[in-house]
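Please keep the sequence and the model in view while reading.

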Amino acid sequence: MPARRIRRLVLGATLLTAAAALPAGPANADAAGLDRFYHQSLEWTSCADATLDAAGAQCTGVRVPLDYDNPGGRTLTVAISRIAATDPSRRRGILLSNPGGPGGQGLRYTNAVATMLTPDVRAQYDLIGMDPRGVGRSDPVSCTIPVPTMLFSAGFDLFGSARDTAVAAALATACVGTDPEKARHITTRNTARDMDVIRSAFGESKLNFYGASYGTYLGSVYLQMFGEHADRMILDSPIDPDRYYVGLYQDMGPINEYALDDWAAWAARHDDEYHFGATPEQVRGFIEDLIRRSAGHEIYGSGYLVDEHTIPMMLLALLTNPQMNQNLAEVVQMLDSGVSGGPIDMDQIKARIVAAVPLDASAMAAIMCGDKAAPRDPAWYYANVDAARKTQPVFGAFANNITACAFWPDPVEPPTEIHNAATVLIVANVHDTRTAYQEGLALHGDLTGSRLITLADTRVHGAMRPGLSPCVIGIVNTYLDTGVRPADDVTCEPDFSWFPS
């Protein structure tokens, strides 16, 4: 389709964002006036959360400047949780964690991290969870359009792409327009600065860190900005900083086509129960037909939409972990029923998707769009979608689709260029469904002192999972316990009893 037709279709939506396009300004972590943040006292209280309280956690808020270049201006409160080291006499510091996203809440993530650590490691570290700025309890940003996600598949034609372009433009306006100053300072570089304030508020000279997925980008940015304060750091399911975030999503297309085929092989073995097809090819054909049949037959309910723009995203959410194979099959059954004119439980579908991907769309938009400028021309995205359809029939239209970032104001500062010799531990999965393996290889090259642990033959996002690979768990715990890493890069095998039959 001619590019000018796409531009005409979205011109009105694009103009909506003009009011949000504010001039960029500098941000400087070394600005004077930060002492009151770096030397604040922390007052711990109950977390008022059953899960955290049951784990013995306490919570507090850490004051940080909204804009580090203007520390005398507005402030935010970053909510953190703490599960204390089990042996105070052996305590060596804090282990801060981030679950990914961007937009993931991290207060409860300490519980998940604790399940992966040996008693010797638990004895040494206070486990610190954090809702990053703009997320959860940390002065959240809020877009006035209540969409459950900022990510959509482009559909099958020009008009589908135009619809998503209009939604993206409206979402950018809704997110930025209510409080432009706040929305534009919810960035990874500022969260890294917040992490250093947290380190100092604990009276620690060094920060230990475990980050998964987007948390690896956050950890890499912290290393580049505050490397002198970094100690033992684990980056699980890593992102290539140069591909973040447009290229990161483009890389998700091929790996999720593989993941769908892997799930289809499982579903074919269970055809007597689900009836999607007796071969992987038949199951894939069923899924592709389901998406086609949903076009023009939208189903609304519980704030969720089922159509050709959203079904690929639901599949993507549940392909992240083979232990969700049955969950995905049951969601596909519900979608098929609804698209065929039968009953559909939208509350149940929403609950399963949210449980699998507990991200805040408003925070995700603010962080990603505030970190790095995206291409502006809708025709660029449409051309990439169209080129990907042949080899990526299910996920190409998502992986190359336009987002709100195309209409976001320019970032307040340039993205961080990652290149240093920090002695970190990187863990990457060969068949990761979110961060392609080549992204981990690229980060390994950027962090020249890093050691790479590869988890082989595993369609999963996040290698640090109880029971998945004793090899990975052992290496990470030895590193946290003693500081010792393998002499060379290592390939670990999974325990295949972890996978569903």
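**Disulfides and salt bridges**

Cys 369 and Cys 405 are joined by a disulfide, with an S to S distance of 2.1 Å. The structure shown is a predicted model. Because Cys 369 lies in helix H16 (residues 361-371) and Cys 405 in the loop between H18 and E9, this pair ties together parts that are 36 residues apart in sequence. The torsion about the S-S bond is about -80 degrees, so the disulfide is left-handed. Cys 369 has a relative accessibility of 2% and counts as buried; Cys 405, at 2%, likewise counts as buried.

The structure holds four disulfides. Counting the bonded cysteines along the chain, their pattern is 1-2, 3-4, 5-6, 7-8. One of these disulfides is formed by Cys 143 and Cys 175, whose sulfur atoms are 1.8 Å apart. Cys 143 is found in the loop between strand E4 (125-130) and H6, and Cys 175 in helix H6, so the bond ties together parts that are 32 residues apart in sequence. Here the torsion about the S-S bond is about 100 degrees, and the disulfide is therefore right-handed. Cys 143 and Cys 175 are both buried.

Another disulfide links Cys 471 and Cys 492, with 1.9 Å between the sulfur atoms. The pair connects distant parts of the chain, Cys 471 being in helix H20 (residues 470-482) and Cys 492 in strand E11 (residues 490-492), 21 residues apart. The link is left-handed, with -55 degrees about the S-S bond. Are these two cysteines buried or exposed? Cys 471 is partly exposed, at a relative accessible area of 30%, whereas Cys 492 is buried, at 0% relative accessibility.

Attention now turns to charged side chains. Side chains of opposite charge can pair when their charged atoms come close. Across the whole structure, a search finds 23 salt bridges. Among them, Arg 163 and Asp 307 meet at 3.4 Å, N to O. Arg 163 belongs to helix H6 (residues 158-177) and Asp 307 to the loop between strand E8 (304-306) and helix H13 (311-318), 144 residues apart. Arg 163 is partly exposed, with a relative accessible area of 28%, but Asp 307 is buried, at 1% relative accessibility.

A further salt bridge brings together Arg 193 and Glu 413, at 2.9 Å, N to O. This pair links helix H8 (residues 188-201), which holds Arg 193, to the loop between helix H18 (396-399) and strand E9 (425-429), which holds Glu 413, 220 residues apart. Both Arg 193 and Glu 413 are buried. Finally, a network of salt bridges links Glu 257, Asp 261, Arg 284 and Glu 288.

Definitions and conventions
Residues numbered from 1 in each chain as written. Predicted model: local features only at pLDDT ≥ 70, side-chain atom pairs only at ≥ 80, totals over all residues. Heavy atoms only, no water. Salt bridge = Lys/Arg side-chain N within 4 Å of Asp/Glu carboxyl O. Helix = DSSP H or I, 4+ residues; strand = E, 2+ residues; numbered from the N terminus. Buried < 20%, exposed > 50% of the residue type's maximum accessible area, 1.4 Å probe, protein only. Disulfide = S-S within 2.5 Å.
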